[in-house]
Amino acid sequence: MQPVRGPLASEPQTVLVPRFCASLMEMKLPGQEEFEASSAPRNIPSGELDSNPGPGTSPSPDGPSDTESKELGVRKDPLLFIQLNELLGWPQALEWRETGRWVLFEEKLEVAAGRWSAPHVPTLALPSLQKLRSLLAEGLVLLDCPAQSLLELVEQVTRVESLSPELRGQLQALLLQRPQHYNQTTGTRPCWGSTHPRKASDNEEAPLREQYQNPLRQKLPPGAEAGTVLAGELGFLAQPLGAFVRLRDPVVLGSLTEVSLPSRFFCLLLGPPMLGKGYHEMGRAAAVLLSDPQFQWSVRRASNLHDLLAALDAFLEEVTVLPRGRWDPTARIPPPKCLPSQHKRLPSQQREIRGPSGPRLTSAEDRHRHGLHAPSQELQRTGRLFGGLIQDVRRKAPWYPSDFLDALHLQCFSAVLYIYLATVTNAITFGGLLGDATDGAQGVLESFLGTAVAGAAFCLMAGQPLTILSSTGPVLVFERLLFSFSRDYSLDYLPFRLWVGIWVATFCLVLVATEASVLVRYFTRFTEEGFCALISLIFIYDAVGKMLNLTHTYPIQKPGSSTYGCLCQYPGPGGNDSQWIRTRPKDRDDIDLGLINASLLPPPECTQQGGQPRGPGCHTVPDIAFFSLLLFLTSFFFAMALKCVKTSRFFPSVVRKGLSDFSSVLAILLGCGLDAFLGLATPKLMVPREFKPTLPGRGWLVSPFGTNPWWWSVAAALPALLLSILIFMDQQITAVILNRVEYRLQKGAGFHLDLFCVAVLMLLTSVLGLPWYVSATVISLAHMDSLRRESRACAPGELPNFLGIREQRLTGLVVFILTGASIFLAPVLKFIPMPVLYGIFLYMGVAALSSIQFTKRVKLLLMPAKHQPDLLLLRHVPLTRVHLFTAIQLVCLGLLWIIKSTPAAIIFPLMLLGLVGVRKALERVFSPQELLWLDELMPEEERSIPEKGLEPEHSFSGSDSEDVSSRLGPLRRMCRGLGERSCPGAVPK
């Protein structure tokens, strides 16, 4: 039979990209920052419909988040695995061979290489879709077919009038022929196996056994279903034959698919031979259609042929055309970082499902959809004294048991080690600085004891136990100023400090009683980024400064310098070494080489031979400064490199995740190993060995007055007012950052309860003469980053979905218990070099600084426009306005740093409060549209603008490299129809 020439044989001139993948042209590929939201929603098995995490159960550590499972509506469809079997070998020996498969993306079988291709975004030729539509319109469509086996299904499909009984028998025998699958041999890991392909054996049972042993089966979620597309050329057919079947009940159709899954869809596309790859491309088109979430949703609910064709037409209306002359059709587009949201593509009838009968959203889901500034229980006034505190306690109490059960995971062990070493280093650093600032009134022991007591108590009682309490730079500055004031006016420091602490606790309790924490709604990204950048820079500055101080303690010796050289002096006759003193010039520190009883022996040999090493360089090891710098940089870069391993292409996913989770611990172990190998006397971690106050003669309880007049207890209210502002700003800004919507916290925040705990601990530490503690932004962010939950990315081409944070109390509690026990761990901790810990400090500061949008905008100042990344805000705000906003933030940051470093630091709390005022003043400089993308809108500004007033000219794309969830929060509330989630955004038609 001669090949049929027709439209199917023509060369395609355009290439189409499915809509759900279209925006990847604008997306950044893997390598973007850590704190991004998940990709587009996956279809969830029907057995998981009622998996809402509630107070009695914790969120699943590896499954999709609840908000992911709700995005497509009330009913959740199972994930669909699609396989393309192609009929090859005409006219000699016909056989079915698997040539492609789809889970989320397309994989082609590379026969010559004997492997599956890398997952990629499918591209289609326009004629293939057009001919597929024509074939389905004229072919057989069976919806809710009752077939229970492959034989019954084949009988239903071949019941076509155009087929003679003889052709029908031949076709049935051909369709019942076992296809050839290329399976991977089973490996030891669920997502990894051998890459050597092998064909199914001729044994009748072998295919089913290989189906169950296929590693791909373990990559699919429970409840997944299959769809099979059979396409090819058949010489004895005079005209094309098309059939589309939706089974009423999913049935395992023998060895039809490479994985033993119940099949839901069956598509048959056969016809006479033709030029080109007509039926192959039509088969791919059918498979791509079934892999599209919205087409699949529609076809599952189609009741007739018209509904099926309408779903195909809706798909055609949304495809993106790639001109043939401007694009290489052989190129494979890799999967994007995150897919666009499917919400705007939902059929109108599916959107109408949402209503009173729809699923009720938990408070966490509501925050995730509407952003932090949406009305929530945590930020609503009750109108009663301590009403917010009572609501926080009631809200957090049901979660209390799970706060401990959720910590039973290996990831929490890694977090404990990491945060423990960071906390110990911070306690030693700030303890030493506090000792210098208070002239020994407080020291390292008080820092250890206060960190352990305050931190453990906070983790047990607080509303957000992921917060790490610690000494912070702003509070240390205030302590230094308070001691200087006490010394200048001859006051007894600790009693005066006690009254300051009592007043601060009183003021904070008043703030809790009046529900002042609801004012955190005015802490927009502008304020958060300024404060976070300041604290991060303090970490970086202190780490580098401590490292440079080692060059003074262990000076670098150069020839000719006063610290260079060492002589071995032998006693003169009668043991008299007076010649040394008499012949050494008084104005020189070096050694006169003219002495008759001196040599240049090394100090150890000099001592062995009865001499005495003399000179300033005798007891100095010249390599310590350089080696300390080496340890400092090694720990920093090694921790950074291991953290980035998770997104690399090396090693299996389990190994990458383990290296990333233990990056800081492994960096510290590497530094300790290098130090032990060379055996140099680098400065080591020193912890107190005795449990007693640093100041001699004082007990653990501070006297209320001491030698101070009684009226100083009243006068202490003035500095306490400033410190209360600092404590409130420091605590609540950190709380806002930690409870941002992009972290997907399920158990809610507790702003009132956290401030209440800080107030009680301020009183306790003041009575005991311990340092004051507040939430540490950088360490808390590092704590949350070490507890990130991600899905098991096993489907080909699927990237891990960020599921949230492992919310629990145990890691922080264990960290602070170990901190208190560190006094008894001195024999072990003394082997940890301080330069290694300084490197980890630098890593935490850099990681926190690089996670904020402010850093990206600062980089834009140094980039020519043509080299700037395709940030989402640059599509909506002119570059000059972006630079102006960044410059204002830089000026504010510079002023905060200058004030912190000068005697004017007493007004530092007011300057932090002034950030909110500066942000309010920016409303006169920038339009609400610009502030929406550069920052966030304040509550009054949101209420004063109509819902459609800020709807952007172009709908949003999730392709931006930054996390856009925070700015989409208020926009979602104003533009109700958008419904985007944190990472993906709606895509324009």
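## Overall fold

Among contacts in the protein between residues at least 6 apart in sequence, 80% join residues at least 24 apart. The model is predicted. The protein contains 37 helices and 20 strands. Of its 989 residues, 55% count as buried.

Two packed helices are described by the angle between their axes and the distance between the axes. Helix α15 spans residues 410–437 and helix α17 spans residues 473–488; their axes come within 9 Å and cross at roughly 20°. An angle under 35 degrees counts as roughly parallel, and α15 and α17 are therefore roughly parallel to each other. The crossing of α15 past α17 is right-handed. On the α15 side the contact is made by F430, L433, L434 and A437, and on the α17 side by G473, L476, E479, R480 and F483. Sorted by class, this contact of α15 with α17 has 6 nonpolar, 1 polar and 2 charged residues.

Helix α17 also packs with α26: the two axes come within 10 Å and cross at roughly 170°. That angle makes α17 roughly antiparallel to α26. From α17, the residues P474, V475, F478 and L482 meet P719, L722, L723, L726, I727 and D730 of α26. By class, the contact of α17 with α26 has 9 nonpolar residues, no polar residues and 1 charged residue.

## The α9 and α10 pair

Helix α9 (residues 293–300) packs with helix α10 (residues 305–318) at an angle of about 170°, and their axes are 9 Å apart. This makes α9 roughly antiparallel to α10. In α9, F295, S298 and V299 meet L308, A311 and L312 in α10. The contact of α9 with α10 has 5 nonpolar residues, 1 polar residue and no charged residues.

## Helix α5 and its buried face

Helix α5 runs over residues 165–175, and its buried residues are L171, L174 and L175. Seen down the axis of α5, these buried residues fall within an arc of 95°, so they line one face of the helix. The exposed residues P165, E166 and A173 are carried on the face of α5 turned away from its buried side.

What covers the buried residues of α5 includes strands and a helix: β2 (80–88), β3 (95–102), β10 (225–233), β11 (241–251) and β12 (263–271), together with α4 (150–157).

M729 has its place in helix α26, which covers residues 717–738. M729 is buried, with a relative accessible area of 1%. Leaving aside neighbours within four places in sequence, M729 is in contact with F523, L912, L913 and V916. M729 and L910 are 181 residues apart along the chain, and their C-alpha atoms are separated by 9.6 Å.

H752 lies in helix α27 (residues 751–768). H752 is buried, with a relative accessible area of 1%. Not counting residues up to four places away in sequence, H752 touches E378, G388, L389, D392, V512, E515, S517 and V518. S117, in turn, is found in the loop between β5 (115–116) and β6 (124–125). At 3% relative accessibility, S117 counts as buried. Leaving aside neighbours within four places in sequence, S117 is in contact with E107, K108, E110 and R332.

## Loop residues with positive phi

Most residues other than glycine have a negative phi. S490 is a residue other than glycine with a positive phi, near 55°. S490 has its place in the loop between α17 and α18 (493–513). At 66% relative accessibility, S490 counts as exposed.

F651 is not a glycine either, and its phi is positive at about 65°. F651 lies in the loop between α22 (624–643) and α23 (653–661).

Notes:
Residues numbered from 1 in each chain as written. Predicted model: local features only at pLDDT ≥ 70, side-chain atom pairs only at ≥ 80, totals over all residues. Heavy atoms only, no water. Axes fitted to C-alpha atoms, helices over the stretch in contact; angles between N-to-C directions. Helix = DSSP H or I, 4+ residues; strand = E, 2+ residues; numbered from the N terminus. Parallel < 35°, antiparallel > 145°, perpendicular 65-115°, else oblique. Left-handed = near helix turned anticlockwise from the far one by under 90°. Contact = heavy atoms within 4.5 Å. Nonpolar A, V, L, I, M, F, W, Y, C, P; charged D, E, K, R; others polar. Buried < 20%, exposed > 50% of the residue type's maximum accessible area, 1.4 Å probe, protein only. Arc of directions from axis to C-beta.
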